[in-house]
Amino acid sequence: MSKRIPGILAVIVVIFLLMEMTFQTRQQENKEAMEPENVSPLLVWYTDPDIQTYMEETAAEASKSLGVEIQTELVSEVDYMENISEKSMAEEMTGPDLYVAATSQLGKAAQAGLALPAEQSQIEKTYGEKALHAVIYNGNAVAVPFYVETSVLLYNPAYVESAPQTIDEILNYAENFETNETTEAVENIFNWNVADVIEDYMFMGGYTDLGGEDGDRKDEVMLDLDQINACMAYYQNLNSFFAIDADTITSDAIMQDFLGGKTVYVIANESMLSQADQAIREGKVSEGFYSAAVLPDLTEELISRGLSVTTSVVVNPYSQNQDAAWELVSWITEKCAGSLYENAGKLPACRTLAEAPTPAWETVCEAYDQAAEVPKLMELSDLWLNLELTLADIWRGEDPSEQMQAFSEELIQRLD
């Protein structure tokens with residue numbers, strides 16, 4: 001019996017060691033399952049260098065909270081969607097888990113199977129109905145809104161008390177303008193970048209439909225040429241009043257004149273608005289230096305409508321970390337969005353911010369909601385270059401009806 005005791009003890013020790021090893025293995029497995037840092041890194045792609053600092057800082061903050069390594073990469077916009085597709089479908093997936101895309105790219109993303117559907121009710125609640133339609137393609141929300149671009153009217157309240165309802169009112173002000181001690185610095189009554197199609201679009205936008213509410217229906221592309229021709233004739237006549245040189249005008253020059261008190265009214269995009277707010281923060285101009293309003297109509301008979309571009313974040317269906325990717329989308333578009341405007345000069349799409357990013361926030365939101373969104377139809381992907389050339393020719397004196405007829409025929413040809 002005494003000889004068997006060591007053997008029995010040895011067996012007991014072995015069993016104990018096996019149980020301990022099994023326990024430790026399970027503990028390690030549970031720990032690995034619970035600790036998100038063991039999830040492979042998330043990769044985010046974007047093409048706009050202006051948001052680089054914001055993306056890097058947001059990634060660092062989100063990484064600490066989520067416990068996931070996050071890599072952000074600024075890539076070329078050339079063949080952007082093609083590169084995402086190629087790297088995602090390769091034998092080893094090296095494409096981004098999520099990526100930043102403009103409205104015009106969402107149709108291609110959806111058709112290529114590179115966009116996971118997003119929750120529509122949550123998008124509408126956080127970003128608004130207009131932003132929801134900006135990311136819907138073929139009935140599905142294929143992205144989450146990130147930041148927006150649209151145009152507003154800025155004016156100097158030292159020169160005028162209230163916003164004009166029409167450009168005709170601005171013309172009337174110009175015709176009756178008299179220099180006095182208050183207005184002695186004024187050199188321009190009204191200025192906008194006539195070389196920028198986004199700002200010029202307002203002159204035809206009231207009578208143009210580029211794909212319906214979601215911008216994805218070929219059968220809802222429409223130009224009311226009779227009304228547009230009247231708008232374009234009005235647009236061309238403004239050249240004789242304000243003599244803006246399309247070859248030399250720049251948005252920066254427009255804002256420098258406005259901030260210097262040399263201009264009464266300007267049409268401004270989000271970058272120009274950011275310049276004004278930065279000048280206020282730096283003490284270069286006083287708080288309340290400008291007031292903002294939605295775009296005026298042309299006349300009491302001819303309406304206007306601005307254009308908007310919504311940049312969004314898309315989750316790649318080929319991602320191996322989709323849950324973590326959706327969490328990161330929320331950080332990029334919502335949780336850190338309060339710093340986006342000051343950090344990158346971009347107006348966040350998020351409507352649930354703790355503080356308004358700009359004094360013009362309510363006006364910007366109203367202008368965005370009223371604006372037409374760029375379409376998602378791939379047939380119209382390079383429409384804007386052609387429209388920009390058409391409007392430039394009209395501004396310089398070419399026949400508006402002939403130019404718009406040619407543009408309309410090209411549009412129809414693209415959609416056939």
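Start at the largest pocket, which holds about 930 Å³ of space. A pocket here is an open set of points on a 1 Å grid over the protein atoms alone, with protein on both sides within 12 Å along at least five of seven lines; a cavity is a set where a 1.4 Å probe fits but cannot get out, and lining residues have an atom within 4 Å of a point. Points are joined across faces, edges and corners, and a volume is the space filled by probe spheres set on them. Select Glu77, Ala102, Ser104, Gln105 and Val309: of the 33 lining residues, these are the closest to the pocket's centre. Then colour the elements that give two or more residues to that lining: α3 (80–89), β3 (98–102), α4 (103–111), β6 (144–149), α8 (197–200), β13 (307–315) and α16 (383–395). Helices (H or I, at least four residues) and strands (E, at least two) are DSSP runs, numbered from the N terminus. By class, the pocket lining has 19 nonpolar, five polar and nine charged residues. Ala, Val, Leu, Ile, Met, Phe, Trp, Tyr, Cys and Pro count as nonpolar, Asp, Glu, Lys and Arg as charged, and the others, Gly among them, as polar.

A quick note on what you're looking at: this is a predicted model, where local features need pLDDT of at least 70, side-chain atom pairs count only at pLDDT 80 or more, and totals for chains, interfaces and linings use all residues. Residues are numbered from 1 along each chain as its sequence is written, and side-chain values use heavy atoms, leaving out hydrogens and water.

For the largest, at about 40 Å³, select Val148, Pro348, Ala349, Arg351, Trp361, Val364, Cys365 and Tyr368. Helix α15 (residues 361–370) gives the most to this lining, with four residues. The second largest cavity has about 30 Å³, and its lining includes Thr150, Glu270, Leu273 and Val364.

Now show helices α11 (residues 251–259) and α12 (residues 270–281). Their axes, lines fitted to C-alpha atoms over the stretch in contact, come within 10 Å and cross at roughly 35°, on a scale from 0 to 180 degrees between N-to-C directions. For the contact (heavy atoms within 4.5 Å), pick Ser251, Asp252, Ile254, Met255, Gln256 and Leu259 in α11, which meet Met272, Gln275, Ala276 and Ala279 in α12.

Finally, zoom out: the C-alpha atoms fill a box of roughly 120 × 55 × 35 Å along the principal axes.
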